[in-house]
Amino acid sequence: IPSVSSIVPESCLLIVVGLLVGGLIKGVGEKPPILKSDIFFLFLLPPIILDAGYFLPLRPFTENLGTILIFAVVGTLWNAFFLGGLMYAVCQLGGPGLNHIGLLANLLFGSIISAVDPVAVLAVFEEIHINELLHILVFGESLLNDAVTVVLYHLFEEFASFEQVTILDIILGFLSFFVVSLGGVLVGVIYGVIAAFTSRFTSHIRVIEPLFVFLYSYMAYLSAELFHLSGIMALIAAGVVMRPYVEANISHKSHTTIKYFLKMWSSVSETLIFIFLGVSTVAGHHYWNWTFVISTLFFCLIARVLGVLVLTWFINKFRIVKLTPKDQFIIAYGGLRGAIAFSLGYLLDYHHFDMRDMFLTAIITVIFFTVFVQGMTIRPLVDLLAVKKKQETKRSINEEIHTQFLDHLLTGIEDICGHYGHHHWKDKLNRFNKKYVKKCLIAGERSKEPQLIAFYHKMEMKQAIELVESGGIGKIPSAVSTVSIQNINPQTLPLERVLPALSKDKEEEIRKILRTNLQKTRQRLRSYNRHTLVADPYEEAWNQMLLRRQKARQLEQKMNNYLTVPAHRVDSPTMSRARIGSDPLAYEPKEDSENLPIITIDPASPQSPESAELGSEEPKGCSGLPPSPEEEEEGLVMRVKEPSSPGTDDVFTPGNSDSPSTQRMLRCLSDPGPRPEPEEGEPFIPKGQ
């Protein structure tokens, strides 16, 4: 029924099925089965965690590891102690039915109910297709908070049997957190390396290659649980470590088998967990206390919201990509509880915790509320808030090249600045992996294959398989490269081109040249700090020289502004000839026009650019005489230049334009003399003038 499954998450529907099955079994008169903790922790949980760890998106996980750890460790500790303390206060004020519950029992209950459940988060978040950042933050928190939950659970369980808890016990409990988490990771890394090393020698027995992956992963989980370490951390570490080396060694069929078997196994486990949750709700013994249950639910929500807001405010001070209020809401709202809390509650001993049934009832109530209410409403809220969804895009060679280029660029920038950030350590780890680890764990030539080439081969194989499955082998598009065709129809490879070998002396000479000429960026450089820079002895002199030069330039610019007035634009010779040709009468010489500006034009040579020149242009008022009314009406008069007599020199013969009055007029136009700029509040005409 697609209309129902699009509204209600699959986990909710499975719990409803479990409730129906449990009710049916109870109605028949049989006793319904209860989800026992041993079955849950030994058989149902490991496949889900291995699937999540083996196919973990490593790049976004490592880039956001600091944020995930803060949410997983500090957030879970805050939830546990805040919830435990408040529930202890509620028990003290809640009446006779709750007075006997002590502080340790409430703290134990807080540690059980505070952890976000990876199974519930996976079930809900994979259906709403939230963006990669939010998914990895919430899911990563649910995976890594297992260490905190295991430590707190065993700690408070042990403290409950003590007559008195000393400071030494608290310090040892604090140190046990590091032992549990780091010990689990170490166990996972050891088994991951062993699995990768074993896969190097399985080329002749391809059938059992997937078995080694499942076997070593499960042994890592059991070994960690045997020593009370974090089994979930061990499984994640084993999956992350073994995957790149195992995939390079095993065949493509084995890789497909591992992928689909893990998906199927985790899906079956998830289905059984949620169905058993429903059946156990019907079958279990319950003790309902309104005050305790409602207070638990309310304080769970309050603790989650406050923890996310405070921690995000702190985290955003160090993040480049800030977490927006929408992101914070989704992180707080996505804190779902699930079967891990139920199983831990079921593990409690009646001898030390006689209120176990009430704890289980409150835990089931919180699980149902988070899975049903929050799980069903998170998809409409994501759409309502327009939160960015996950974009289904295929990775391309172009994207991989640019990603690696940016990684190298950022590593180089960090080296130059002397700041060793996570790009530097990531580059160091990659170099160590390439130089030593790959040679030990990967067989054959694949150990020397660059990452880009390996990615290219993987994409080509995938493209070839899709082509075969679609039935398009007969009409291969031009976009498919020759490698795809070779993967489909293997042909005999051509002989490799023999490269000329360099002698040892020549190679050493080239190395020496490169060593002396290239900058050594790998050496430890001093961090850049403007307060600790060495002072340059010539810097002060250079600054003084620049200031003097700047002042001289400003003074020169100011003098130019004082002494320069833009002259009237004179028509070009072409425009003048055009005006005369269009209206010759307008430019005829007029009587009594000796004092008017005259433009002399030589009509005999229209091609020469010097044919039109400024002969005499005296503006009214510059000649010293007041303008007459006729002059005001007549304006400019153009006079035809008289042809020069033969033998005279046009250049050296003084003309009308060389007269003293004309020169005085031109000087008056171009240089009106210095005039001080009026200050604010000062009149344009000074007094007394």
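Start by selecting Ala386: this residue of the predicted model counts as exposed, because its relative accessibility is 57% and the cut-off for exposed is over 50%. Now check its backbone: phi is near 55°, a positive value in a residue other than glycine.

Next stop, His129. Here too phi is near 55°, and again the residue is not glycine. His129 sits in the loop that links helix H7 (118-128) to helix H8 (132-144). Is His129 partly exposed or buried? With 42% relative accessibility, it counts as partly exposed.

Now jump to helix H10, residues 167-199, and pick Leu172 there. Leu172 is partly exposed, at 48% relative accessible area.

Last, show helix H3 (residues 37-54) along with helix H16 (residues 339-346). Their axes are 8 Å apart, and the two helices pack at an angle of about 145°. Which residues of H3 and H16 meet? On the H3 side, select Ser37, Phe40, Phe41 and Leu45; on the H16 side, Ala339, Ile340, Ser343, Leu344 and Tyr346. Colour this contact by class and you get seven nonpolar residues, two polar ones and no charged ones.

Technical notes
Residues are numbered from 1 along each chain as its sequence is written. This is a predicted model: local features need pLDDT of at least 70, side-chain atom pairs count only at pLDDT 80 or more; totals for chains, interfaces and linings use all residues. Side-chain values use heavy atoms; hydrogens and water are left out. Helices (H or I, at least four residues) and strands (E, at least two) are DSSP runs, numbered from the N terminus. Buried means under 20% relative accessible area, exposed over 50%, partly exposed in between (1.4 Å probe, protein chains only). Axes are lines fitted to C-alpha atoms, for helices over the stretch in contact, and angles run from 0 to 180 degrees between N-to-C directions. Contact means heavy atoms within 4.5 Å. Ala, Val, Leu, Ile, Met, Phe, Trp, Tyr, Cys and Pro count as nonpolar, Asp, Glu, Lys and Arg as charged, and the others, Gly among them, as polar.
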